[in-house]
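Subject: Structure for your review

Dear colleague,

Please find the structure below, followed by notes on what was found in it. I would be glad if you could read the two side by side.

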Amino acid sequence: MDFRFHTLDPVRNQVNWLLRPLEYVSLTPRLLFDWTSNYFTTRGELERENQSIKLRQSELALLATQGELLLAENQNLRQLLNFQKQLTYKTLPVEILFNPPNPISQRIVINRGSNDGLKAGNPIANDAGILGQVVRIYENSAEVSLLEDRDFAVPVQVARNGLRAAVFGTGRSNPLELRYLPVASDLEVGDILLTSGIDGTYPPGFAVAMITRIERNLEKNSSNVFCVPIAPVNRYRHALALLYETQVDAKPAPQKSSSNPTGPTDNAGFAPGRRQTRTKGMQ
Amino acid sequence: MIDFQSGYILRPVNRVFIYVSLFCALLLNLLPLGNYAWVPDFLVLALIFWNIHQHRLIGVISAFALGLLMDVHNSDLLGIHAFSYSLAAYLAVTWHRRIIALPVVSQALHITPLFLLVALFPPLIHWLLSGTIYWWAIGSGVLQTLIEVLLWPVTTRILLAPQRRPLHVDHTRPL
């Protein structure tokens, strides 16, 4: 019943409401360990870390101003060409609570839920790239399916030449796979795969994976391409949730949808970025 | 109740101790020990222990409730653990007369099928539902069973300790 119809979700929510405090309690030993080890870091270490962070911050600030400029220019050009406007998104910092001990699926539980504006389907990323996607949402927590989860698919684009493909998870600690590609496709080991944004779930341009091995099969006209996720999937405790307006339909934009709530830079006069099968500029 | 290991009569069990021990086992299960299938299931150890020793207090219903909690914690399909825990509890209650009279090591051997049932239930159900079988999940399930069997004497020792206390302690006893 749970597998097919999801009729037991209210039961699950109630049990989860009961169980979550206990889970927080059982996290305290690790927290205590972290606090003590944080407390006893030496002054020199802190100074070094501070310096490197300052350096990194100045670099990022420089890049950010450039990025702002490019973004504005890009939006203006898109408006001139009567293209779709790029969707904007907000980010929400989340903390990874724990990894449920389930050998079959690869999931994590985070400390933000529907009360914080998170929705099922929102992507989760960290500073390196995409980590996964929210698959089940509670009031104050959510379950995130990681990239490595079996049959977890992300539409990607090769950064070097813009070739579109889809990356599939193949289960825990196995390499990711790039499926449905012909032999002659232009791929090299070391290519970076970015999200293409075609499905409307992931914002475009986030790093997902890097190709590590290519096996070309001439008889079947198919190639097995294996890649590793760029973001260290099982390492960090903090991540960012991208509050991205999930677009699943391919219909043209109706007039009434001009009140698009996403993003702080959204002007009300624009037609909002509704996904279309063909952009307006190329008839 | 008779302690078949030593032949003495045990003290009556304290209900609060049963519930506290089950709660501690639940907390141990919730500890973030990492996503490894061989991490022993402390809850099932405590549950089967109490099913065998005190089947009037801890039965199938408590097994079902605790299994439901584990389902939600593991983000698994709702009912996998609930069903396997209840089945194991039912079998344990059925077999308790036979098992309780054995020495602890043979007890552990007799309980192995119950642990195996609980450990292998989720991969088998996923096999039924999705059609793919995870041999490594089954292998680590067997490893988990082995660890739990090795932990059985320890469990017996810890959970029976309050009942093995002597009734009268003579503080002025000459050595």
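Of the 175 residues of chain B, 35% count as buried, where buried means that 20 or more other C-beta atoms, placed from the backbone, lie within 10 Å of the residue's own, exposed means 12 or fewer, and partly exposed is in between. Please bear in mind that this is a predicted model, in which local features need pLDDT of at least 70 and side-chain atom pairs count only at pLDDT 80 or more, while totals for chains, interfaces and linings use all residues. Residues are numbered from 1 along each chain as its sequence is written, and chains are lettered from A and ligands numbered from 1 in the order in which they are written.

The secondary structure of chain B comes to 6 helices and 0 strands, these being DSSP runs numbered from the N terminus (helices H or I, at least four residues; strands E, at least two). The radius of gyration of chain B, 17 Å, is close to the 16 Å that the globule rule gives for 175 residues, so chain B is as compact as a globular protein of that length; the radius is taken over C-alpha atoms, and the rule is 2.2 Å times the number of residues to the power 0.38. Along the principal axes, the C-alpha atoms of chain B fill a box of roughly 70 × 30 × 25 Å. Among its contacts between residues at least 6 apart in sequence, 67% join residues at least 24 apart, a contact being a pair whose C-beta atoms, placed from the backbone, lie within 7 Å.

Within chain B, the axes of α5(B) and α6(B) come within 8 Å and cross at roughly 145 degrees (axes are lines fitted to C-alpha atoms, for helices over the stretch in contact, and angles run from 0 to 180 degrees between N-to-C directions). The residues of this contact divide into 13 nonpolar, 6 polar and 1 charged, where Ala, Val, Leu, Ile, Met, Phe, Trp, Tyr, Cys and Pro count as nonpolar, Asp, Glu, Lys and Arg as charged, and the others, Gly among them, as polar. Among those from α5(B) are Phe115(B) and Leu116(B), and among those from α6(B) are Val149(B) and Trp152(B).

In the segment after α6 of chain B lies Arg164(B), which is partly exposed, with 13 other C-beta atoms within 10 Å. Leaving aside neighbours within four places in sequence, Arg164(B) is in contact with Asp3(B) and Leu10(B).

As for the interface, 26 residues of chain B are in contact with 24 residues of chain A. On the side of chain B that touches chain A, α1, α3, α5 and α6 each supply at least two residues, and the largest share, 5 residues, comes from α3(B). That side divides into 17 nonpolar, 8 polar and 1 charged residues.

Chain A holds a closed barrel of 6 strands, β6-β7-β8-β11-β10-β9, with antiparallel pairing (two strands pair if DSSP finds at least two bridges between them). Strands β6 and β7 of chain A are joined by 5 bridges, and Pro155(A) has Ala166(A) in β7(A) as its bridge partner. In the loop between β8 and β9 of chain A, Val189(A) counts as exposed, with 12 C-beta neighbours inside 10 Å.

Best regards

Methods. Contact = placed C-beta atoms within 7 Å.
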